[in-house]
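Please look through the sequence and the structure shown here before reading the briefing. Two topics are taken up in turn, and each point can be followed on the display.

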Amino acid sequence: MKQALVTGASRGIGAATALALGAAGYRVWLHYRRQEAAARSVAAAILGAGGPEPHLVSFDLRDRQQTEAATHTLLQELGNPDAVVLNAGISHNQLFALMDDTQWDEVIGTNLNGFLAVGRPVVKAMVRQRRGRIVVVSSVAAQRGSAGQVAYAASKGALASAARSLALEVARLGITVNVVSPGFIETEMLAGAPVQAYLPLVPLRRVGQPSEVAHVIRYLCSDEAAFVTGQVIGVNGGLWM
Ligand code: NAP
């Protein structure tokens, strides 16, 4: 049975991705940080839809030692994952001049350092098995920029660049690395944002649903996506155009 680790799967895009991969028959390693009850209901939904029983795991991506240790334990106990979706992320809305060190460190620590702490042990395992799929969730903010989100855009731009370089390193080993770059997606991250003001920027004139991102991620994890690597795929209603 195929296995997939999805970080930040307790809600939003990660939860939708866990559901999509569970429905495709993957045993999902369902990661969360704090919201255990939410993670358990995602696991129950996967089971209810006929998917394999997920394995729940919690760690805080800001803590590199804890994250690396937890990832090593997963690999030892469950074997090698076929796919890893590095989705968990946070955003602090603050003007750059007013941002404090903690806000910068939290955003970079979660979004970018998490890539290292989970990605490095996973890549070692995938190199040994000569196959694997890695999908990194970036943001349209990385390409377009976003006022009030300097740290967030920096972290997401760095992730896309890191993923592209990693794709070049591991391509000959049968491992693909791709980036999904969502636009405005209806999750808790968007709660309180002036969504109506954003819509004129979106050619499709609506926000996206988490499942619409999840379906693209599921494709990139599949055997059918074997010739797709090093790409940044926007799921944004045309926002980039
Ligand atoms: P969300 O609903 O806010 O969910 C965030 C997830 O990340 C939760 O599962 C949360 O776990 C986890 N998480 C947060 N901080 C963490 C930490 N320090 N350690 C471990 N896990 C942590 O977010 P979303 O909107 O689904 O976004 C998912 C990804 O898409 C993010 O990388 C985000 O930047 C990106 N994105 C979102 C949008 C959008 O419009 N929604 C647009 C572009 C890109 P707990 O809840 O268990 O704490």
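What follows is a briefing on the ligand and its surroundings, and then on one glutamine. The model is a predicted one, and the values below are computed from it.

**The ligand and its shell**

- The ligand is surrounded by 33 residues, and the closest of these are Ser 10, Arg 11, Asn 87, Tyr 152 and Thr 187.
- At least two residues of the shell come from each of helix H1 (12-23), strand E2 (27-32) and helix H7 (150-170).
- The space that the ligand takes up is the largest pocket.

- Arg 11 places a polar side-chain atom 2.6 Å from an oxygen atom of the ligand, while a polar backbone atom of Gln 35 is 2.9 Å from an oxygen atom of the ligand.
- For Leu 61, a backbone N or O atom lies 2.9 Å from a nitrogen atom of the ligand.
- The ligand would expose 900 Å² if taken alone, and the protein buries 97% of that area.

**Gln 129 and its partners**

- Gln 129 belongs to helix H5, which covers residues 113-129.
- When neighbours within four places in sequence are left aside, Gln 129 is in contact with Asn 80 and Pro 81, and the side chains of Gln 129 and Asn 80 are joined by a polar contact of 3.3 Å.
- Although Gln 129 and Gly 174 stand 45 residues apart in sequence, their C-alpha atoms are 9.2 Å apart in space.

Conventions:
Residues numbered from 1 in each chain as written. Predicted model: local features only at pLDDT ≥ 70, side-chain atom pairs only at ≥ 80, totals over all residues. Heavy atoms only, no water. Near = heavy atom within 4 Å. Polar contact = N/O pair within 3.5 Å; in protein donor to acceptor, adjacent residues only side chain to side chain. Areas by Shrake-Rupley, 256 points an atom, 1.4 Å probe, with all protein chains shown as cover. 1 Å grid on protein atoms, 1.4 Å probe; cavity = no way out; pocket = protein on both sides within 12 Å on 5 of 7 lines; lining within 4 Å. Sits in = over half its atoms within 2 Å of the grid points. Helix = DSSP H or I, 4+ residues; strand = E, 2+ residues; numbered from the N terminus. Contact = heavy atoms within 4.5 Å.
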